[in-house]
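Welcome! Take a moment to turn the model around before reading on.

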Amino acid sequence: MKDKKLEELQNKLQQYIELNISYENEVCTIKNEKGYYCSCCFDYADKLVHLHRVYDYDGNIDDKFLICPKCKTKILNPENK
């Protein structure tokens, strides 16, 4: 059991290194790429899912938040901090 968990953590670390993934302001980013990825999906499912803009009921962009289309996590937009 411990060996399997250790192997999973080593694989995740290797993924961070290979893709040059960083975690800041509750989102994942990849060096030299634009856009943000969902930290929840990456942490729990090892998936890099682009975060999308949030629209209000009138179709206007709400720049305060980004949302994950997969897990529906709503995150403060790091560009507005």
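## A first look at the chain

A compact globule of 81 residues would have a radius of gyration near 12 Å, whereas this chain has 15 Å. Please keep in mind that this is a predicted model. Along the principal axes, the C-alpha atoms fill a box of roughly 50 × 25 × 15 Å.

| Property of the chain | Value |
|---|---|
| Residues that count as buried | 22% of the 81 residues |
| Contacts (separation of 6 or more) made by residues 24 or more positions apart | 27% of these contacts |

Charges come next. The chain carries 13 positive and 14 negative side chains, and the centres of these two sets lie 2 Å apart.

Strand S1 covers residues 21-24 and strand S2 covers residues 27-30. The two run antiparallel and are joined by four bridges. Which residue of S2 is the bridge partner of Ser 22? It is Thr 29. Together S1 and S2 form a hairpin with two residues between the strands, and in this hairpin Asn 25 takes a positive phi near 55°.

How values were computed:
Residues are numbered from 1 along each chain as its sequence is written. This is a predicted model: local features need pLDDT of at least 70, side-chain atom pairs count only at pLDDT 80 or more; totals for chains, interfaces and linings use all residues. Side-chain values use heavy atoms; hydrogens and water are left out. Two strands pair if DSSP finds at least two bridges between them. The radius of gyration is taken over C-alpha atoms; the globule rule is 2.2 Å times the number of residues to the power 0.38. Buried means under 20% relative accessible area, exposed over 50%, partly exposed in between (1.4 Å probe, protein chains only). Contact means heavy atoms within 4.5 Å. Lys and Arg count as positive and Asp and Glu as negative; His and the chain ends are not counted. The place of a charge is taken as NZ of Lys, CZ of Arg, CG of Asp or CD of Glu.
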